[in-house]
Amino acid sequence: MPQPTECHNAETIGIVSLGSNVITPQFQPLERLRRALVDLGDVGITLKKTSQFYHSPFFPANQGADFVNAVAVVSGPLIAREVLNRLHAIEAKHDRTRESRWADRTLDIDLIAWGDGIQPDVETFSNWRDLPMERQKALTPDQLILPHPRLQDRAFVLVPLNDVFPTWKHPVTGESVAEMLNALSESEKSAIIPLRT
């Protein structure tokens with residue numbers, strides 16, 4: 001698969017992360033993720049490849065039910081803000097609410113990267129990437145930050161990303177998926193368990 005690039009009015013390759021940890025009468029978390037992957041096509045985002053589904057501990061630890069997570073490679077002739085708006089529309093369809101940061105979620109879809117774009121700029125990205133944990137809990141960006149500033153810290157993104165796009169490199173740091181995974185502890189990586197589906 002080629003390295004992603006962002007071009008307006010051209011097909012751009014991107015990465016999205018999906019998660020769910022809420023059981024509703026309509027869906028168990030695994031079924032909800034499968035439905036959300038179908039919903040991508042309904043909003044004009046092409047699904048290229050999907051990782052395995054994984055059982056992942058709640059982040060931060062011990063503050064909620066465990067998640068089912070996956071990562072998908074997608075594409076579309078869209079700019080990043082349009083993609084994010086469409087992902088939010090899918091979340092809303094699945095009754096996602098944003099009452100507090102890091103809460104239980106019927107559906108969480110994060111735009112991890114769109115092409116090799118850095119948004120809004122390297123300095124702003126770096127400021128959000130380097131926020132201490134206590135500030136992460138309290139602050140939410142008021143603009144789209146790409147690539148996702150926490151992706152290098154999260155095994156539940158990197159493990160499935162390694163399934164579908166192991167050659168991807170971080171557009172700011174130049175690190176490969178393998179290098180970011182290697183920087184995590186063995187306990188973090190081993191906590192991400194493939195589901196038998």
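The legends below describe several close-up views of one predicted model.

Residues are numbered from 1 along each chain as its sequence is written, and side-chain values use heavy atoms, with hydrogens and water left out. Because the model is predicted, local features need pLDDT of at least 70 and side-chain atom pairs count only at pLDDT 80 or more, whereas totals for chains, interfaces and linings use all residues.

**View 1. The aromatic pair of F58 and F67.**
A search of the whole structure finds 1 aromatic pair, where rings of Phe, Tyr and Trp (its six-membered ring) pair if their centres lie within 6.5 Å, and where planes under 30 degrees apart count as stacked, over 60 as edge-to-face and the rest as tilted. The ring centres of F58 and F67 are 5.7 Å apart and their planes meet at 35°, so this pair is tilted. Both F58 and F67 are buried, a term that stands for under 20% relative accessible area, with exposed meaning over 50% and partly exposed in between (1.4 Å probe, protein chains only).

**View 2. The largest cavity and its lining.**
On a 1 Å grid over the protein atoms alone, a cavity is a set of points where a 1.4 Å probe fits but cannot get out, and lining residues have an atom within 4 Å of a point. Grid points are joined across faces, edges and corners, and the volume is the space filled by probe spheres set on the points. The count comes to 1 cavity of 30 Å³ or more, and the volume of the largest cavity is about 40 Å³. Its lining is made up of S17, D110, I112, H148, R150, L151, R154, F156 and V157. By class, this lining holds 4 nonpolar, 2 polar and 3 charged residues, with Ala, Val, Leu, Ile, Met, Phe, Trp, Tyr, Cys and Pro counted as nonpolar, Asp, Glu, Lys and Arg as charged, and the others, Gly among them, as polar. At least two lining residues come from each of strand 5 (108-114) and helix 5 (155-164), where helices (H or I, at least four residues) and strands (E, at least two) are DSSP runs numbered from the N terminus.

**View 3. Helix 5 and its buried residues.**
Helix 5 is mostly covered, with 8 of its 10 residues buried. These are A155, F156, V157, L158, V159, P160, L161 and V164, and among them F156 and V157 also line the largest cavity.

**View 4. The two sides of helix 2.**
The 14 residues of helix 2 (residues 80-93) should span 20 Å at 1.5 Å a residue, and the end C-alpha atoms are 20 Å apart, which agrees; the expected span is 1.5 Å times one less than the number of residues. Buried in helix 2 are A80, V83, L84, L87, I90 and E91. They cover an arc of only 115° around the axis, which puts them on the same side of helix 2, the arc being that of the directions from the helix axis to the C-beta atoms. On the other side of helix 2, A92 and K93 are exposed. R86 also belongs to helix 2 and is partly exposed, with a relative accessible area of 29%; its C-alpha atom is separated by 8.4 Å from that of I45, 41 residues apart along the chain.

Most peptide bonds are trans.

Although I13 and D116 are 103 residues apart in sequence, they are 8.8 Å apart in space, C-alpha to C-alpha. A183 and L87 are 96 residues apart in sequence and 29 Å apart in space, C-alpha to C-alpha.

Definitions and conventions: 1 Å grid on protein atoms, 1.4 Å probe; cavity = no way out; pocket = protein on both sides within 12 Å on 5 of 7 lines; lining within 4 Å.
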